[in-house]
Amino acid sequence: MTSPLLKYAPALALGALGLALTGCSKAPAAAPAAAQKPVAAISVKTAAAQQGPMPRYLRLTGEITAAQNAAVAADTTGKVIETPVERGTIVKTGDVLVQLDSRTAELNLAEAEANVVQAKSKLDLAESEVKRNAPLAQMKAVAETDFARIKADRDGAAASLSAAEARRDMTRKSLEDATIRAPFAGTVSERFVTAGEYVMANSKVAQVVDLQHLRLLVNVAEPSVGLIRVGQTVEFSVSPFPGEVFTGTVKFIGAAVRAETRDLQVEAEVLNTDGRLRPGLFAEARLALPPQTAVTIPANAVRADGANQKVWVVESGQLTERLVEVGETDKDRIEIRRGVKQGEKVVLSPGPDAADGVPVQSTPQS
């Protein structure tokens with residue numbers, strides 16, 4: 001007799017095989033997630049944003065010019081015999097720039113002075129004739145016509161003396177003009193002639209520039225014209241000396257707004273005692289205006305990231321990164337126009353570990 005288990009053996013074998021295959025295709029159980037390590041708190045120093053007076057400035061651009069810049073010209077004709085200056089020579093008022101041949105002028109002056117002596121002698125003789133004949137004319141011992149002729153001779157001699165003296169003075173001026181001198185103290189920027197050349201009256205011989213007294217010429221837009229006053233201090237900087245601030249004083253204000261550009265020309269006087277500034281330099285200037293109240297923080301709390309300015313504010317025990325719009329700077333404080341409110345605490349001198357969401361242990365600035 002056949003056993004009942006043998007009857008169902010094929011079916012049991014197939015069931016066992018199916019269970020085995022199902023067990024092989026089942027994915028393994030996932031491992032439990034590892035616990036995240038908490039970020040360590042960093043120690044920072046903070047300062048509260050405050051409201052206070054902040055200076056205001058009118059931003060301007062301009063150019064430095066010389067107060068005196070002359071193309072010195074000859075006032076007579078002649079041959080150049082000496083040029084004692086070169087480019088860059090510092091001269092005082094009256095120093096010789098160019099010497100012309102003066103021999104002809106010296107001879108002409110000697111002749112003119114002799115003519116003056118001769119004319120004066122003739123006038124003296126004519127005066128004595130008038131004095132001698134005046135009593136005789138009163139006694140009718142000399143005819144009136146003769147006495148009138150004697151006085152006319154005296155007047156003619158006086159006129160001749162005046163003409164001789166004028167010619168002498170003109171000749172003396174020609175002699176003096178043969179020595180071309182510096183009209184003011186300054187620096188020779190260019191010499192246009194050399195020994196052996198022949199110059200005419202009004203020929204340029206040298207360019208003299210006063211480097212001690214300069215002017216800053218700026219253009220003020222029409223809406224800001226009312227802010228300008230004579231005597232105001234102007235601060236400016238130039239590219240050859242980055243980081244340095246120079247000052248000037250407003251001395252001249254244009255009489256009218258220019259129709260083409262709708263601006264007003266203003267000149268500030270600049271003392272260039274060390275001689276470092278040069279005419280022609282482009283300047284970025286600012287004119288101090290009355291201060292206004294603004295939110296400020298220490299300047300070292302701001303970090304520049306390309307064109308962006310960032311600060312880190314402590315909120316609920318952790319850092320929050322903020323993009324800010326900065327304004328003027330006054331000593332060690334900087335104006336925050338947008339991004340930080342009064343009373344908020346900002347991180348001073350944020351280091352490389354400062355990041356959004358990092359917990360902090362803050363210490364107020366002492």
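What follows is a conversation about the terms used for this model and the values behind them.

Modeller: This is a predicted model, in which local features need pLDDT of at least 70 and side-chain atom pairs count only at pLDDT 80 or more, while totals for chains, interfaces and linings use all residues. Residues are numbered from 1 along each chain as its sequence is written, and side-chain values use heavy atoms, with hydrogens and water left out.

Colleague: How many helices and strands does the chain have, and what makes a stretch count as one or the other?

Modeller: The chain has four helices and 22 strands. Both are DSSP runs numbered from the N terminus, helices being H or I with at least four residues and strands being E with at least two.

Colleague: How do you know that the length of helix α4 agrees with its number of residues?

Modeller: The expected span of a helix is 1.5 Å times one less than its number of residues. For the 34 residues of α4 (residues 144–177) that should be 50 Å, and because the end C-alpha atoms are 49 Å apart, the two agree. The buried residues of α4 include Phe147, Ile150, Arg154, Ala157 and Leu161, and among the elements that cover the buried residues of α4 are β6 (96–100) and α3 (103–138). An α-helix has 3.6 residues a turn, so residues three or four places apart point the same way.

Colleague: Why is Val245 called exposed, and why is Arg337 called partly exposed?

Modeller: Buried means under 20% relative accessible area, exposed over 50%, and partly exposed in between, with a 1.4 Å probe and protein chains only. Val245 has 55% relative accessibility and therefore counts as exposed, whereas Arg337 has 46% and therefore counts as partly exposed. Of the 366 residues of the chain, 33% count as buried.

Colleague: Where is Val245 found, and which residues does Val245 touch?

Modeller: Val245 is found in the loop between β12 and β13. Contact means heavy atoms within 4.5 Å, and, not counting residues up to four places away in sequence, Val245 touches Glu235 and Phe236. The C-alpha atoms of Val245 and Glu235 are 6.3 Å apart, although the two residues are 10 residues apart in sequence.

Colleague: What makes a group of residues a nonpolar core?

Modeller: A nonpolar core is a set of buried Ala, Val, Leu, Ile, Met, Phe, Trp, Tyr and Cys residues joined through side-chain atoms within 4.5 Å. The largest one holds 25 residues, of which Ile64, Leu216, Phe236, Val238 and Leu277 touch the most other members.

Colleague: Why is one space called a pocket and another a cavity?

Modeller: On a 1 Å grid over the protein atoms alone, a cavity is a set of points where a 1.4 Å probe fits but cannot get out, and a pocket is an open set with protein on both sides within 12 Å along at least five of seven lines; lining residues have an atom within 4 Å of a point. Grid points are joined across faces, edges and corners, and a volume is the space filled by probe spheres set on the points. The largest pocket has about 160 Å³ of space, and its lining includes Arg59, Phe236 and Val245. The largest cavity has a volume of about 40 Å³, and Leu60, Val218 and Ile228 are among the residues that line the largest cavity.
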